[in-house]
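Here is a briefing on one protein model. It covers salt bridges, helix packing and surface charge.

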Amino acid sequence: MANLEDSFLADLEDLSDNDNENLDEENVDAENMEEDVNKDIADIEALNYDDLDNVSKLQKTQRYTDIMKKVENALEKGSNMSNQSMVLEDDPEYQLIVECNTLSVDIENEIVIIHNFIRDKYRLKFPELESLVHHPIDYARVVKKIGNEVDLTLVDLEGLLPSAIIMVVSVTASTTSGKPLPENTLQKTIEACDRALTLDASKKKVLDFVESRMGYIAPNLSAIVGSAVAAKLMGTAGGLTSLAKMPACNVQLLGAKKKNLAGFSTATSQFRVGYIEQTEVFQTTPPGLKMRACRLLAAKSTLAARVDSIRGDPSGKQGRMYREEIRKKIEKWQEPPPAKQPKPLPVPDSEPKKKRGGRRLRKMKERYAITDMRKLANRMQFGVPEESSLGDGLGEGYGMLGQAGNGKLRVSVGQSKLAAKVAKKGKDKQYSSGGATSGLTSSLAFTPVQGIDLIDPQADANRLGSGTQSTYFSETGTFSKIKRT
């Protein structure tokens with residue numbers, strides 16, 4: 001017993017030690033988490049949003065500088081077509097294209113960040129401008145052009161915005177509640193505008209390089225969706241080989257973003273469409289057929305990417321064939337259904353057809369021949385008005401029915417040859433079994449009166465055959481004996 005109690009106590013002590021260790025670990029994790037949160041809060045507090053360098057850091061990174069130098073050098077040298085036999089994944093230009101795709105996405109995000117910085121600063125001067133000009137680059141150009149000017153009639157915005165937007169901006173600026181910015185704030189805003197425009201120019205340079213090389217890297221895919229969309233698809237998928245291994249249903253979703261409609265209708269929103277919606281074919285398709293066109297584009301793009309991944313057709317002929325097939329199918333979808341053509345009557349034959357003869361045809365003619373009653377109904381007697389079903393010539397006319405004889409519509413119809421032949425055949429079948437005797441013949445004879453008598457059918461037949469016989473019935477209803485004369 002003592003040993004058992006000691007073992008239980010040792011187990012309890014082990015459990016308590018483990019609980020203490022777990023509590024210590026949880027406390028350490030909680031302290032580390034608090035330290036991380038405190039560090040993040042300290043970093044956020046230390047971040048100065050008034051300084052543009054703390055907000056926009058992409059242009060000062062080494063990666064941005066290296067890629068832009070490679071792009072500029074590649075654009076100056078042109079495309080090198082001598083390394084077509086090299087594996088596509090090992091091609092340095094292909095690797096540069098993948099890096100450019102990633103950099104273009106980073107540049108877009110950086111432009112959005114700078115746009116928010118400019119909007120927050122310039123809201124004090126012209127708060128209504130952000131609701132009139134939505135594009136970040138256009139907004140930066142307009143802010144840089146206006147500056148601290150109060151009278152916008154003195155600012156030439158021609159070429160930056162459409163004429164209708166320029167008029168709305170001028171009218172709104174005359175009634176705005178904003179005030180001129182301090183010189184320091186205005187200087188930071190103009191600097192942010194210049195940085196956004198510089199990033200936009202770098203992005204265009206990167207896209208130009210990618211589009212110029214996509215005809216060499218993926219000629220068939222570029223022929224279908226265009227060089228820009230083909231580069232985005234490759235960059236998102238992780239390369240041409242990864243894109244070729246991807247099913248068409250996933251290619252359709254590359255680049256798709258979750259849209260927040262804030263309670264509005266989802267009937268016209270394209271949730272399952274990514275970069276393919278930027279293609280020319282998709283944009284020119286009617287709204288009702290856009291989803292079908294998107295699926296078709298995704299399927300053909302996958303096939304073209306597989307051809308390009310193995311360098312199957314460097315000339316891009318297969319991609320052009322796919323694009324023409326897509327165009328013909330979309331045109332076919334838009335065609336109205338064929339009108340229902342009236343069916344013409346058959347051409348009448350000038351020569352009489354050969355009619356079948358024989359016993360079967362004669363029977364059929366006799367079976368469906370017109371009756372005598374119908375013949376009389378189809379005839380009219382001259383000078384005598386015919387009877388009708390409704391009277392006074394209304395309804396169905398009776399013709400010569402009822403005009404001969406007693407005035408009744410009944411006509412005595414003679415038996416046809418076919419009916420007579422059928423009746424005769426049935427009569428022959430009825431009497432075909434008479435005169436023969438068999439062992440199944442009953443010995444019971446039924447008399448006209450109430451009584452049953454046992455007779456011998458064979459003996460009776462012999463007596464009938466030997467002479468004239470007569471049968472007598474008594475008044476009492478008993479069957480009399482057969483007498484021979």
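**Salt bridges and setting**

The side chains of E191 and R195 form a salt bridge, with N and O 3.8 Å apart. A salt bridge here is a side-chain nitrogen of Lys or Arg within 4 Å of a carboxyl oxygen of Asp or Glu. The model is predicted: local features need pLDDT of at least 70, side-chain atom pairs count only at pLDDT 80 or more, and totals for chains, interfaces and linings use all residues. Residues are numbered from 1 along each chain as its sequence is written, and side-chain values use heavy atoms, leaving out hydrogens and water.

**Charge pairs**

- E191 and R195 sit 4 residues apart in helix α8, so about one helical turn separates them. Helices (H or I, at least four residues) and strands (E, at least two) are DSSP runs, numbered from the N terminus.
- R195 is buried, at 13% relative accessible area, while E191 is partly exposed at 38%. Buried means under 20% relative accessible area, exposed over 50%, partly exposed in between (1.4 Å probe, protein chains only).
- E331 and R327 form a salt bridge, their closest N and O atoms 2.7 Å apart. They are 4 residues apart in helix α15 (residues 317-334), so about one helical turn lies between them.
- Salt bridges that share partners join D120, R123 and E130 into one network. Within it, E130 meets R123 at 2.9 Å, N to O.
- The count of salt bridges comes to 15.

**Helix packing**

- Helix α10 (residues 227-237) has V229, A230, A231, L233, M234 and A237 as its buried residues.
- The cover over these buried residues includes α4 (92-122), α8 (183-217), α9 (219-225), α11 (240-245) and α12 (248-251). Contact means heavy atoms within 4.5 Å.
- G238 follows α10 and has a positive phi, near 95°.
- T172 lies in helix α7 (residues 163-174) and is buried at 19% relative accessible area. T172 touches F126, E128 and L132, not counting residues up to four places away in sequence.

**Surface charge**

- R356, R359, R360, R362, K421 and K425 form a positive surface patch. Patches are made of residues with over 30% relative accessible area and no salt bridge, like charges being joined within 9 Å. Lys and Arg count as positive, and the place of a charge is NZ of Lys or CZ of Arg.
- Helix α16 gives the largest share of the patch, 3 residues.
- R362 lies in α16 and is exposed, at 54% relative accessible area.

**Overall**

- The protein has 19 helices and 4 strands.
- Buried residues make up 26% of its 485 residues.

Technical notes
Patches are made of residues with over 30% relative accessible area and no salt bridge: like charges are joined within 9 Å, nonpolar side chains (Val, Leu, Ile, Met, Phe, Trp, Tyr) within 5 Å. Accessible areas come from the Shrake-Rupley method with a 1.4 Å probe; for residues, only the protein chains shown count as cover.
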